[in-house]
Amino acid sequence: MENRVYLNDDWKFSEQFTEEMLGDGFDVGNMTPVRLPHTVKETPLHYFDESVYQMVSGYRRDVYIPEEWKGKRLLLTIDGAAHESEVYWNGKKIGEHHCGYTAFTMDISDDAVYGIRNTLVVKVDSRESVNIPPFGFVIDYMTYGGLYREVWLDIKEKTYLKDVFVRGDLSGDSGRLISEITADGGGENLSVRQKIRRCGESGYRLLGECELTGTKLVLDYTVESVLPWDTVHPVCYEVCTQLIQDEKVLDENVTVTGFRHAEFKADGFYLNGKKVKLRGLNRHQSYPYVGYAMPESMQRMDADILKYELGVNAVRTSHYPQSHYFIDQCDRIGLLVFMEIPGWQHIGDEAWKDQAVINVRDMVMQYRNHTSIILWGVRINESVDDDAFYTRTNQIAHQLDPSRATSGVRYLEKSHLLEDVYAYNDFSHNGVTPGAKPKKDVTPDMGKALLISECNGHMYPTKPFDDGPHRQEHALRHVRVQNAAYASGEHAGCFGWCMFDYQTHKDFGSGDRICYHGVLDSFRNPKLAAAVYASQGDTDPVLAVSSSMDIGDNPAGQLGTAYVFSNAQQVKLYKNDVFVTALRRNTELLVSYLVHHLPAAPSSASAPARLC
């Protein structure tokens, strides 16, 4: 059976890696005590550049390996090291990794010394000059550095479950559970047993037990009386897979999954046979001061903010795979995920491309058990066409996970479509033009789905302290684009850019090195535009007025038109405590060119008023 030991405490850190760190007699007195998640440099809120975190740093930790672990399989996993890393155990190099956004595992069984403390050293290169994605040209976000996710040690039997890929589909009134199981270590009289229970239930239902004659096994069970997973009722199940030899359980894997059927068609996205409009936002994984280094609670909180405070049903992980804690929370609350590989516009040399293909493999292998993921992004964000390269990325994604569609985010119209879904960053709306381009002008294949993967953002940056008319226009631009995506009947959905403000390089953003593109600020406080999304949710009542009614915030002291963002069926308008009118949902705005098709459209008023 598996025993997992987390190695997040008691690390020593230095901003400069030296070979001396590998030696037994190295004095760690000059190193800084830290715990994981950790960033190589705490940064100011703004007015800093990438040079502060670009370094080749070193982490060192003692790991006690007890005698009773002899004969076991010891697997060391580093969940996130930004961006290139080398790992040393007792001075010997045991592994390296060339991606800052995926995990990597090393077998230390033969290198461990039992009964004493062993030395673990990790060399981390956070320079942006490394020849791996997303680096090679400019990048519109800070990439930070460090051991910013967790590290752990799994203790297993010599023969163990190396990989279990579980997916639940719906088949009529019942569920279908397909499992691809890979074992390592070999041996005779091996079998695999599976059982299932709904999350929160006390007892498992036995699905069956099958003999394992090789290293791989595919199990396919019909599961009666299951509840479907969707965005409203994200019912999850625990699937317990056991590797058994002569009646002894050698290893056990528990995977959380849901039964759902996700499909992209020409006219949109369908979940369990029902058409669902994807209404989402893009998310970076950064935070003020500490960059990427935030623990489980904060990762889960971001998912909760998206679902419950912003009322969206989908999120895109721009522009890299993100924390399993974040994605797991999406599984549990019913937030659909568009997951993509690391990259931003630039395509490098052949070695760079080979690493990008490895990144696709690692992303799919490591995240494919998450029910919330409905789409793999297998192109470099906003890159040019490269058919040979993207043929490879599509093939490996479909090979490793035939159950999900692929896509790739582009700024190009009518570019080569090798994926299943055409994802397009539609920045065409400038406040006057239509909210979105028609499908026929964007995609080369009308028979495949079209998705707006980004909108607004840099087109109308908005600070939380901008004047009222600016913040109102920012909100209305999000309304117009989302509304156009709903109205067209041609878009599978729309992801606004973006969830929150983020730090960036000198080539982008404001003069203080922040991209003020979010509907939240970088501390997750809402701007007015957040109410556009929140008003589409039905969990909590929402009522936001676009104007403070202060004449000094408006040109010439003229208040103009004020808007109400609400999910209420009706909002009553009063002026000086005298009832004026009732504003109802899905009504035409006073602005003549804007008619709303969103489920909860903003209403408007053209006089100073108290609204309740």
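Guide: Helices (H or I, at least four residues) and strands (E, at least two) are DSSP runs, numbered from the N terminus. Arg 73, for instance, lies in strand E5, residues 73-78. The model is a predicted one, in which local features need pLDDT of at least 70 and side-chain atom pairs count only at pLDDT 80 or more, while totals for chains, interfaces and linings use all residues. Residues are numbered from 1 along each chain as its sequence is written, and side-chain values use heavy atoms, with hydrogens and water left out.

Visitor: Why does Arg 73 count as buried?

Guide: Buried means under 20% relative accessible area, exposed over 50%, and partly exposed in between (1.4 Å probe, protein chains only). Arg 73 has 14% relative accessibility, and therefore counts as buried.

Visitor: Which backbone oxygen lies 2.6 Å from a polar atom of the side chain of Arg 73?

Guide: That oxygen belongs to Lys 158. A polar contact is a pair of N or O atoms within 3.5 Å; within protein, one must be able to donate a hydrogen and the other to accept it, and residues adjacent in sequence count only if both atoms are side-chain atoms. Contact in general means heavy atoms within 4.5 Å. Leaving aside neighbours within four places in sequence, Arg 73 is in contact with residues including Asp 107, Asp 154, Tyr 160 and Asp 184.

Visitor: What makes Tyr 160 buried?

Guide: Tyr 160 is buried because its relative accessible area is 7%. This residue lies in strand E13, residues 160-171. Beyond its neighbours within four places in sequence, its contacts include Arg 73, Leu 75, Leu 243 and Asp 251.

Visitor: How do you know whether His 83 is buried or exposed?

Guide: His 83 has a relative accessibility of 0%, so it counts as buried. It is placed in the loop between strand E6 (81-82) and strand E7 (84-89). A polar atom of its side chain lies 3.4 Å from the backbone oxygen of Tyr 144.

Visitor: What makes H2 mostly covered?

Guide: Of the 10 residues of H2, 7 are buried, among them Phe 326, Cys 330 and Ile 333. The elements that cover these buried residues include H1, strand E25 (336-340) and helix H3 (350-367). At the N-terminal end, Ser 323 caps H2, with a side-chain oxygen 3.0 Å from the backbone nitrogen of Tyr 325. H2 is followed by Gly 334, whose phi is positive, near 80°.

Visitor: Why are H3 and H4 called roughly parallel?

Guide: The axes of H3 and H4 (residues 387-400) come within 9 Å and cross at roughly 20°. H3 and H4 are therefore roughly parallel to each other. The contact is made by residues including Trp 352, Val 357 and Met 365 of H3 and Phe 389, Ile 396 and Leu 400 of H4.

Technical notes:
Axes are lines fitted to C-alpha atoms, for helices over the stretch in contact, and angles run from 0 to 180 degrees between N-to-C directions. Angles under 35 degrees count as roughly parallel, over 145 as roughly antiparallel, 65 to 115 as roughly perpendicular and the rest as oblique.
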